[in-house]
Amino acid sequence: MDPVISTRPLLAVAVAGLAALAILFLNKREKLRDAVSPIAAVAMFAIVVSMAPTVLAGGTVELRLFEVLPGIDVALRADALGMVFATVSSLLWIVAAVYSIGYMRHLHEHAQTRFFACFATSLAAAVGGAFAANLFTLVIFYEVLSLVTYPLVYHHEDEEGWRGSRKYLVYLMGASKSVLLAALALTYHIAGSLDFVRGGLLTGANASATLLTVVYFCYLFGFAKAAVMPMHAWLPAAMVAPTPVSALLHAVAVVKMGVFCVLRVIFHVFGVSTVGELGLGVATAYLVSFTILMASVYALTRDDLKARLAYSTVSQLSYIVLGAVLLSPLAMVGGIIHIAAHAFSKITLFFCAGSIYCASGKRNISDMAGIGRRLPWTMGAFFVASLSMIGIPPTAGFVSKWYLAEGSVEAGQMAFLAVLLASSVLNAAYFLPVSYTAFFEAETKESRAPVREIPLVAIPLVATAILSVLMGIFPYYFVTLADGVIR
């Protein structure tokens with residue numbers, strides 16, 4: 001099918017960028033300012049899904065903007081992999097925008113105009129990355145996302161915020177300005193282009209196996225947002241940010257941009273055949289398996305709910321990479337659709353953590369005895385999202401983990417099936433006690449303080465919990481897109 005030339009990929013990015021400018025302009029008119037993000041989010045989602053029929057049918061929607069150097073363009077293209085990321089980001093921005101309004105108003109947070117403007121710009125960068133047609137365009141949006149989320153991490157402007165945001169920026173910018181830049185330069189030297197190519201830009205390249213291996217690992221660690229150990233420490237440190245930012249970091253944009261970039265490299269820069277021939281798939285699988293298990297162990301030791309969720313994210317992101325590098329069709333589908341499954345579930349969990357804090361001021365799990373009886377919608381949604389993270393049907397996490405497990409068997413890699421099963425047991429070990437504490441442990445004197453659900457906070461988290469179930473029952477959209485990536 002010939003590509004469809006259209007401005008819609010650019011419009012999807014522009015909507016969020018214009019929203020950021022409108023938010024700054026309406027600084028003194030709070031109600032109008034707060035209305036901008038939900039309206040822009042709906043508009044962005046509508047533009048994104050308008051391209052779905054073309055992409056589901058095997059086509060692409062493209063727009064070339066301008067040439068920078070020979071073989072290097074700034075160009076946008078909506079294809080199957082990009083549509084997975086863009087759909088998730090634009091859809092979840094709608095609920096995140098509503099949640100953020102309720103959270104920021106209830107806690108009377110300062111610098112709300114800056115917060116909402118940076119939030120909108122980060123979504124523009126995320127969707128721009130999703131629709132990038134080449135490595136050059138992708139890295140531009142990747143860097144913009146790093147810079148514009150820095151003020152969000154540093155939002156509270158205290159010593160803790162400074163330490164966390166400094167580590168955030170040092171890890172992400174340090175990696176991109178060193179090994180990632182080297183990978184780009186070497187790729188351009190080898191191939192004479194940075195375009196994404198079905199089957200792999202470097203497939204059949206006239207380069208030694210050693211050089212290609214070096215380039216591959218430069219990408220894997222250069223895209224530090226993927227949080228593959230040891231490039232993970234920025235992620236727990238960024239938990240000093242307000243909870244809507246944590247949701248943005250862990251579910252909607254930042255970490256998903258990281259693993260999305262890694263998938264782009266595997267599928268459209270190196271290609272499945274080249275990754276297999278060089279033995280990079282198995283090597284990467286062992287590396288991310290270590291990340292999956294160790295991050296889960298770290299999560300078990302954390303009493304702070306957001307910290308537990310942060311280490312859970314480190315673990316779950318590596319499921320996505322594991323699925324891709326197992327190189328079997330079922331595993332690759334599982335890895336791709338886990339982008340959506342994890343996003344719907346993890347944003348719910350962070351929303352719930354924020355709801356608990358808004359209502360009661362509590363952060364530690366040990367202080368939440370009996371709170372589920374006072375916040376039933378919040379903790380009910382937390383339980384549903386926990387089941388999805390564990391992989392219990394009929395939730396989204398079950399679908400992606402089923403494909404990953406079947407793909408491990410298909411690839412003849414039973415060791416990684418064992419990793420998936422062990423990880424699911426660890427998921428249950430650190431998620432289910434939260435719900436047990438909230439619903440079944442006796443209330444303490446402190447936990448009897450009056451708390452109540454906050455509608456603008458509770459409604460979005462219930463909505464995202466429902467999305468986790470709906471994807472588990474109706475996974476067709478994301479599975480079809482994933483099939484389109486690997487065909």
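This is a predicted model: local features need pLDDT of at least 70, side-chain atom pairs count only at pLDDT 80 or more; totals for chains, interfaces and linings use all residues.
Residues are numbered from 1 along each chain as its sequence is written, and side-chain values use heavy atoms, without hydrogens and water.

The patch covers about 410 Å² of surface and is made by Leu10, Leu65, Phe66, Val68 and Leu69; patch residues have over 30% relative accessible area and no salt bridge, with nonpolar side chains joined within 5 Å and like charges within 9 Å. Leu69, placed in strand E2, is partly exposed at a relative accessible area of 46%, the class between buried (under 20%) and exposed (over 50%), with a 1.4 Å probe and protein chains only.

The structure also holds three salt bridges, each a side-chain nitrogen of Lys or Arg within 4 Å of a carboxyl oxygen of Asp or Glu. One of them joins Asp79 and Arg264 at 2.8 Å, N to O. Asp79 lies in the loop between strand E3 (72-78) and helix H4 (80-106) and Arg264 in helix H11 (residues 254-270), so the pair ties together parts that are 185 residues apart in sequence. Both Asp79 and Arg264 are buried. In another salt bridge, the side chains of Asp73 and Arg64 meet at 3.3 Å, N to O, and Asp73 is buried, with a relative accessible area of 15%.

Technical notes:
Accessible areas come from the Shrake-Rupley method with a 1.4 Å probe; for residues, only the protein chains shown count as cover. Helices (H or I, at least four residues) and strands (E, at least two) are DSSP runs, numbered from the N terminus.
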